[in-house]
Amino acid sequence: MQVLQVQLEVGPDPAEVGRARRWARSRMAGCGVRDDEPLAETLILLISELVTNAVVHTGCPAVLRMLFGGPGVRVEVADSSDRAPAPRQAAGDDTGGRGLELVDGLADRWGWQREGAGKRIWCEIDRDEPSGTAPDENFAHHREPRVYL
């Protein structure tokens with residue numbers, strides 16, 4: 001199986017999140033993910049959350065990678081911060097704190113691992129199934145198969 005990997009360096013500025021979304025849309029189109037597929041919007045939302053977490057919570061540059069191949073798409077965001085991702089419990093009126101909860105709900109699998117002095121957070125979306133997954137060091141979560149009645 002052939003895997004195509006594309007990557008973008010992202011500066012430590014929240015304005016970079018929009019640039020990352022635009023870049024990702026253009027790469028998805030070039031890799032066969034149509035703009036009208038539910039997968040496209042889910043990927044853009046996941047990319048937005050992971051890149052936002054990297055630039056806002058670490059203040060470090062990051063690298064966004066997308067890997068296309070097989071039955072789905074993998075998104076990775078690597079940064080040079082050694083701070084582990086920490087899910088927060090947002091209150092109803094909070095304007096933030098739901099990013100990892102959103103990733104958990106949308107991705108089929110996600111996790112993180114230490115990488116050099118920093119870390120890499122990743123998530124995967126299967127193309128042929130609906131999406132839907134909490135971290136510890138070198139954590140990887142895999143959803144149980146879903147049963148629809």
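Trainee: Let us start with Arg 34: does this residue count as buried or exposed?

Mentor: Burial is judged by relative accessible area: under 20% is buried, over 50% exposed, and anything in between partly exposed (1.4 Å probe, protein chains only). Arg 34 has 52% relative accessibility and therefore counts as exposed. Glu 37, at 13%, is buried. Please note that this is a predicted model, in which local features need pLDDT of at least 70 and side-chain atom pairs count only at pLDDT 80 or more, whereas totals for chains, interfaces and linings use all residues. Residues are numbered from 1 along each chain as its sequence is written, and side-chain values use heavy atoms, with hydrogens and water left out.

Trainee: With which residue does Glu 37 form a salt bridge?

Mentor: A salt bridge is a side-chain nitrogen of Lys or Arg within 4 Å of a carboxyl oxygen of Asp or Glu. Glu 37 pairs in this way with Arg 34, their closest N and O atoms being 4.0 Å apart. In total, the structure holds 14 salt bridges.

Trainee: Which parts of the chain does the pair of Arg 120 and Glu 76 link?

Mentor: Helices (H or I, at least four residues) and strands (E, at least two) are DSSP runs, numbered from the N terminus. Arg 120 forms a salt bridge with Glu 76, with 2.5 Å between the closest N and O atoms. This pair links distant parts of the chain, since Arg 120 lies in strand β5 (residues 118-126) and Glu 76 in strand β3 (residues 72-79), 44 residues apart. Arg 120 is buried at 10%, and Glu 76 is buried at 9%. Both belong to a network of salt bridges that also includes Arg 65, Arg 74 and Glu 124.

Trainee: Where do Asp 79 and Lys 119 lie?

Mentor: The side chains of Asp 79 and Lys 119 meet in a salt bridge at 2.9 Å, N to O. Asp 79 is in strand β3 and Lys 119 in strand β5, so the pair ties together parts 40 residues apart in sequence. Both residues are buried.

Trainee: How many of the residues score at least 70 in pLDDT?

Mentor: pLDDT is the predictor's confidence in each residue, from 0 to 100. The protein averages 82, and 80% of the residues score at least 70. Over residues 129-139 the pLDDT is below 50, although this stretch has 45 contacts (heavy atoms within 4.5 Å) beyond near neighbours in sequence. Where pLDDT is low, predicted coordinates should not be read in detail.
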